[in-house]
Amino acid sequence: MINKKDITGIILAGGKSSRMGTDKGFLMLDNKPFIQYSIQALKPLVSEIMIVSDNSNYDVFGLKRVNDIKKNAGPMAGIYSGLEASSTDYNLILSCDIPLISSEVLKKLIEVVDDNSEIIQIENHGKTMPLIALYKRHIKDTFNGFLQKDERRLRVAVKACKSKTIRLEKAHEFSTMNVNTKEELKQIENAFNH
Ligand SMILES: Nc1nc2c(ncn2[C@@H]2O[C@H](COP(=O)(O)OP(=O)(O)OP(=O)(O)O)[C@@H](O)[C@H]2O)c(=O)[nH]1
């Protein structure tokens, strides 16, 4: 298994949050901001954690913060900025809106690293999740190529890389729930309390 010192944790916390209306990383669940759950899940598994966001309010967490190199260009551009700032071959990338995520789930991505795969992502209920995934640093060049062509769709860029997926078992089925709307915030509060 790869060593913790070879892995950086990268949390994406930029974007417009247009559906929610407020910055999703600062939504609260059980008196803790959402982003704190991503930080906690990454902590035991990585040597450093960075937050990719232009919002300096995220500096309260005392972590390295990286600005977006390409502005308003979505999660793929956020990943690109994070990988540019990373100094390790492996990078665990997480969004900031998945407060039920756990180290146990993320560990599964690290356990199946092989020489071939450039991206290893979680699959849950038949859906692949490129924002809960392990990325080799060198794919930043492929992503940059797409951004240069104004192709911003993360799934298109992931398809151009060698990837594999890890299917989650039932016990972890709620761990990847994300929140985009006020309605989904209520749903996650319910899932958290059960
Ligand atoms: N650094 C960075 N992160 C982003 C960017 N766009 C989205 N994200 C992050 O990517 C994850 C998924 O974001 P989405 O829900 O798809 O997009 P969003 O812009 O936050 O929200 P909507 O406007 O409602 O689509 C979240 O953690 C966002 O913070 C971006 O341009 N830069």
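Predicted model: local features only at pLDDT ≥ 70, side-chain atom pairs only at ≥ 80, totals over all residues.
Strands are DSSP runs of E covering at least two residues, numbered from the N terminus. In these terms, H125 occupies the loop between β7 and β8.

The phi angle of H125 is near 50°, a positive value in a residue that is not glycine. H125 belongs to the hairpin of β7 and β8, in which two residues lie between the strands. With a relative accessibility of 64%, H125 counts as exposed, the cut-off for that class being over 50%.

Strand β7, which comprises residues 119-124, is by contrast mostly covered, as six of its six residues are buried. In a regular strand, side chains alternate between the two faces of the sheet. In β7, I119, Q121 and E123 point one way, while I120, I122 and N124 point the other way, and all of these residues are buried. Both orientations of the strand therefore consist of residues under 20% relative accessible area.

Strand β7 is paired with two strands. Its pairing with β8 (residues 127-136) is antiparallel and includes six bridges; within this pairing, I122 stands opposite M129 of β8. The pairing of β7 with β9 (residues 163-167) is parallel and includes five bridges. There, E123 has R167 of β9 as its bridge partner.

N72 is located in the loop between β5 (64-66) and α2 (74-85). Its relative accessibility of 59% places N72 in the exposed class.

The search of the whole structure for aromatic pairs returned five. One of the pairs is formed by Y37 and F192, with an edge-to-face arrangement, a centre-to-centre distance of 6.3 Å and an angle of 80° between the planes. Because Y37 belongs to helix α1 (residues 34-42) and F192 to helix α6 (residues 182-192), the pair ties together parts that are 155 residues apart in sequence. Y37 is buried, at 7% relative accessibility, whereas F192 is partly exposed, with a relative accessible area of 30%. The ring of Y37 has a further neighbour in K32, which lies over its face at 4.7 Å from the ring centre. Elsewhere, ring pairs join F26, Y58 and F61 into a cluster.

The ligand is surrounded by 19 residues, of which G14, S18, R19, K24 and D68 are the closest. Two of these closest residues, S18 and R19, also provide side-chain polar atoms. In S18, a side-chain N or O atom lies 2.5 Å from an oxygen atom of the ligand; in R19, a side-chain N or O atom is located 2.8 Å from a ligand oxygen. On its own, the ligand has 610 Å² of accessible area, of which the protein covers 87%.

Terms used: Residues numbered from 1 in each chain as written. Heavy atoms only, no water. Phe/Tyr/Trp six-rings, centres within 6.5 Å; stacked < 30°, edge-to-face > 60°. Helix = DSSP H or I, 4+ residues; strand = E, 2+ residues; numbered from the N terminus. Buried < 20%, exposed > 50% of the residue type's maximum accessible area, 1.4 Å probe, protein only. Lys NZ or Arg CZ within 6 Å of the ring centre and 35° of its normal. Near = heavy atom within 4 Å. Polar contact = N/O pair within 3.5 Å; in protein donor to acceptor, adjacent residues only side chain to side chain. Areas by Shrake-Rupley, 256 points an atom, 1.4 Å probe, with all protein chains shown as cover. Pairing = 2+ DSSP bridges.
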